[in-house]
Amino acid sequence: MEVLFEDSDLLIINKPAGTVVNRADTVNAPTIQEWMEERLAADKSTASDWQALLPSSFTEEFGTPEEVFKERGGVVHRLDKDTSGALVLAKNPGSLINLLAQFKQRTVHKTYTCLVHGKLRFEKGTVSVPLGRASGNRKKFAVVADGRTAETNYQVEAFYPHLNVEKIIQDNKASQSEVTNFKKKAKIYQGFSLITCWPKTGRTHQIRVHMKHLGHPIVGDVTYLGHKRASLDPVWCSRQFLHASLVTVAQPRTSEPIEVTAPLTADLQQVLELVTIE
């Protein structure tokens, strides 16, 4: 794990794609939670006076700070398995409860970078539509009338009208039949937009569903892409192009803002080299 920031109360990592955050019976691979628990067991720099960090509004309705910390293993929030970027982890019960309160009060500021299909009509705007589980597939989310409030602000940073098909073919060492087939299918692409998103709320799959709602699903997001793009995108983008690029939290002990930038991962940098403005 690439640690971007650390003090006696918290740390922020650049989460790699393909890694699950929370431990679960259905997850066999190592998780961020397990990595954090092992790190805490060996860490001697964790503050012992964490009681002073507890918010005055804290109650033990869901357990004592120690119980909550043990259950969560220091995990403050989560990112989807195939989303990379800045992830905040707590090193003691007091900082965990403090940071959880910050997320609940929506005082934590998060910035995401994503590459989506097509050219957006407006260069900046706000998507404010409620989200809930999709009726036909409980693993997916959708815009539903009685869903939970969700709001995402966005800004278009760049538009790339072309895909470097020749480079993709060269990198994949495709056969002649595969080359012909890919070139034919790639005609469905109508450019790509690099977007910065600032979610005001933190619903599951929020940015992914909001971008699809605009008619511009995220590149590589096979869960929310149509059939043709879902079969073609993985050839050159192995996972959803979504990265938590920046997070700002208040230090639980001093209340001073901590702003941490997570560099774009190597795989997503390589994807950007395949979309061109020429």
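Predicted model: local features only at pLDDT ≥ 70, side-chain atom pairs only at ≥ 80, totals over all residues.

Colleague: Let's start with helices, then. At what angle do α4 and α5 pack?
Modeller: Helix α4, which covers residues 165–172, packs against helix α5, residues 176–185, at an angle of about 150°, and their axes are 11 Å apart. Because angles over 145 degrees count that way, α4 is roughly antiparallel to α5.

Colleague: And is the crossing of α4 and α5 left-handed or right-handed?
Modeller: The crossing of these two helices, α4 and α5, is right-handed.

Colleague: Which residues in α4 and α5 meet there?
Modeller: From α4 the residues are V165, E166, I168 and I169, and they meet V179, F182 and K183 from α5. Sorted by class, the residues of this contact between α4 and α5 are five nonpolar and two charged, with no polar ones.

Colleague: What about α2 and α3, how do they pack?
Modeller: Helix α2 (residues 65–72) and helix α3 (residues 93–104) pack at about 80°, with their axes 9 Å apart. That angle makes α2 roughly perpendicular to α3.

Colleague: Which residues make up that contact of α2 with α3?
Modeller: On the α2 side you will find P65, E66, V68, F69 and R72, which meet P93, L96, I97 and L100 of α3. By class, the contact of α2 with α3 has seven nonpolar residues and two charged ones, while no polar residue takes part.

Colleague: Changing topic, how many disulfides does a search of the whole structure find?
Modeller: The search finds zero disulfides in the whole structure. For C197, the nearest cysteine sulfur is that of C114, 3.9 Å away, and C197 is in no disulfide. Remember that a disulfide is a covalent bond between the sulfur atoms of two cysteines, and that a pair counts here if the sulfur atoms are within 2.5 Å.

Colleague: Are C197 and C237 buried or exposed?
Modeller: C197 has 0% relative accessibility, so C197 counts as buried. C237 is at 2% relative accessibility, so C237 counts as buried too.

Colleague: Let's pick a serine next. Where does S193 lie?
Modeller: S193 lies in strand β10, which spans residues 192–199, and at 1% relative accessibility S193 counts as buried.

Colleague: What does S193 touch?
Modeller: If you leave out residues up to four places away in sequence, S193 touches C114, L115, V116, G118, K119, L120, V156, A158 and F159. By contrast, the C-alpha atoms of S193 and L53, which are 140 residues apart along the chain, are separated by 42 Å.

Colleague: Now the backbone. Which phi value does H205 have?
Modeller: Phi of H205 is near 60°, which is a positive value in a residue other than glycine. H205 sits in the loop between β10 and α6 (206–213), and at 13% relative accessibility H205 counts as buried.

Colleague: And what is phi for S255?
Modeller: S255 is not a glycine, yet it has a positive phi of about 70°. It is found in the loop between β11 (242–250) and β12 (257–261), and with 55% relative accessibility S255 counts as exposed.

Colleague: Let me try one more strand. Where is T126, and what is it in contact with?
Modeller: T126 is found in strand β5, residues 124–128, and at 49% relative accessibility T126 counts as partly exposed. Leaving aside neighbours within four places in sequence, T126 is in contact with E151, T152, N153 and Y154. T126 and A266 are 140 residues apart in sequence, and their C-alpha atoms are 29 Å apart in space.

Colleague: Last one, where is R121?
Modeller: R121 is in the loop between β4 (109–117) and β5, and at 75% relative accessibility R121 counts as exposed. The C-alpha atoms of R121 and L214 are separated by 9.4 Å, although these two residues are 93 residues apart along the chain.

Technical notes: Residues numbered from 1 in each chain as written. Heavy atoms only, no water. Axes fitted to C-alpha atoms, helices over the stretch in contact; angles between N-to-C directions. Helix = DSSP H or I, 4+ residues; strand = E, 2+ residues; numbered from the N terminus. Parallel < 35°, antiparallel > 145°, perpendicular 65-115°, else oblique. Left-handed = near helix turned anticlockwise from the far one by under 90°. Contact = heavy atoms within 4.5 Å. Nonpolar A, V, L, I, M, F, W, Y, C, P; charged D, E, K, R; others polar. Buried < 20%, exposed > 50% of the residue type's maximum accessible area, 1.4 Å probe, protein only.
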